[in-house]
Amino acid sequence: SKEPTLSPIPSLSSILSSTSTVFWIMGWIDWSLSSCCETEEVWFISMFGLYLVANAMLWNHPSNVLKPMKLIAVFAHEFGHAVMCWLTGGQVVQIEVYNNEGGVTRYRGGNRLAIIPAGYVGGAVFGGVFVAFSGSRIPATIACCCFIVFLLGALFYAPNPTMTFLNLGFAVATLGAILLDWCFGVSPFIQFVCLYYGTTIGSFSVFDTIEDTVTRTAEGSDAVACSQVMPCCHPQCVGVQFALAGLFFLALGVYFGLLWMIHDNTEMDVAE
């Protein structure tokens, strides 16, 4: 029988060559956004601004018109706790979303110091990712498909009836948006849906933080829990940091969304 052969150790020149390729790609990307803004980018920025202003105006409207979106933002918040629990070696027991726009994630083990802030910070990250991925059709579709998987996967963690109906409803609605875009030619519908998801989930990480942890100190909030773990941190100071994180990731999402759109437009110009 033949002796097993070992894979050759990559040479320094090949490593430098692959590294230079990465730097070439990074240099090729228009990080300064100097090619902005054509029609698509203007639409993207305008719709983001429109969504943000509409959310701010309707956030506490008596009609509760944003109730479903606020509840899905609560789910993203609780899912952020769950993800950090898994990442730190813990076990998620239950995820619940309540009709009063509250929620809870019950878990065992994990790093509590990392899990507590992962609600607002995780929601801000999810919002920023949705906004960034909405800059192109395929990434927006991937983001929405992953969202459906998260919605359905969370149903295996003993949800309450509100969360069950919420997750199933949004899974069906998101799947419908994907089908409308790809099967019926209603494009770029999925990108606008993805952008709205991201803007609203990110808005929640800002507006809800300000309401519950900055203008007042709500007992049981994540900011209060953080201050209990780290007594040197006042709940309102923690809340301000959560709100700033929400704004940061929304802005970062817009930046990367524009990068994606400029990249797509450049590819189209080259193809033509």
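Is Trp86 buried, exposed or partly exposed? Trp86 is partly exposed, with a relative accessible area of 34%. Buried means under 20% relative accessible area, exposed over 50%, and partly exposed in between (1.4 Å probe, protein chains only).

This is a predicted model: local features need pLDDT of at least 70, side-chain atom pairs count only at pLDDT 80 or more, and totals for chains, interfaces and linings use all residues. Residues are numbered from 1 along each chain as its sequence is written, and side-chain values use heavy atoms, with hydrogens and water left out.

View 1. Helices (H or I, at least four residues) and strands (E, at least two) are DSSP runs, numbered from the N terminus. Strand β1 covers residues 91-97 and strand β2 residues 103-108. They run antiparallel and are joined by six bridges. Two strands pair if DSSP finds at least two bridges between them. Val92 has Tyr107 as its bridge partner in β2. Five residues lie between the strands, and Glu101 of this hairpin takes a positive phi near 70°.

**View 2. Salt bridges at Glu101.** A salt bridge is a side-chain nitrogen of Lys or Arg within 4 Å of a carboxyl oxygen of Asp or Glu. The structure holds four of them. One joins Glu101 to Lys67, with the closest N and O atoms 3.7 Å apart. This pair links distant parts of the chain: Glu101 is in the loop between β1 and β2, Lys67 is in helix α3 (residues 67-87), and 34 residues separate them. Glu101 counts as partly exposed because its relative accessibility is 24%. Lys70 also meets Glu101 in a salt bridge, at 3.3 Å from N to O. Here too the partners are distant in the chain, 31 residues apart, with Lys70 in helix α3. Lys70 has 5% relative accessibility, so this residue counts as buried.

**View 3. A salt bridge between the strands.** Glu96 and Arg106 form a salt bridge, their closest N and O atoms being 3.3 Å apart. Glu96 is in strand β1 and Arg106 in strand β2, ten residues apart. Glu96 counts as buried at 11% relative accessibility. Arg106 is partly exposed at 37%. Elsewhere, shared partners join Lys67, Lys70 and Glu101 into one network of salt bridges.

**View 4. Aromatic pairs.** Rings of Phe, Tyr and Trp (its six-membered ring) pair if their centres lie within 6.5 Å; planes under 30 degrees apart count as stacked, over 60 as edge-to-face and the rest as tilted. The structure holds 17 aromatic pairs. The ring centres of Trp59 and Phe207 are 5.2 Å apart and the planes are at 70°, so this pair is edge-to-face. Trp59 lies in the loop between α2 (39-58) and α3, and Phe207 in helix α8, so the pair ties together parts 148 residues apart in sequence. Trp59 is buried, at 4% relative accessibility. Trp86 and Tyr157 have ring centres 5.5 Å apart and planes at 55°, so their pair is tilted. Trp86 lies in helix α3 and Tyr157 in the loop between α6 (137-153) and α7 (161-183). Tyr157 counts as partly exposed, at 25%. Phe75, Phe79, Trp86, Phe126, Phe150 and Tyr157 form one aromatic cluster.

**View 5. The loop with Glu219.** Glu219 is found between α8 (189-214) and α9 (222-229). Glu219 counts as exposed, at 69% relative accessibility. Glu219 and Pro235 are 16 residues apart in sequence and 10.0 Å apart in space, C-alpha to C-alpha.
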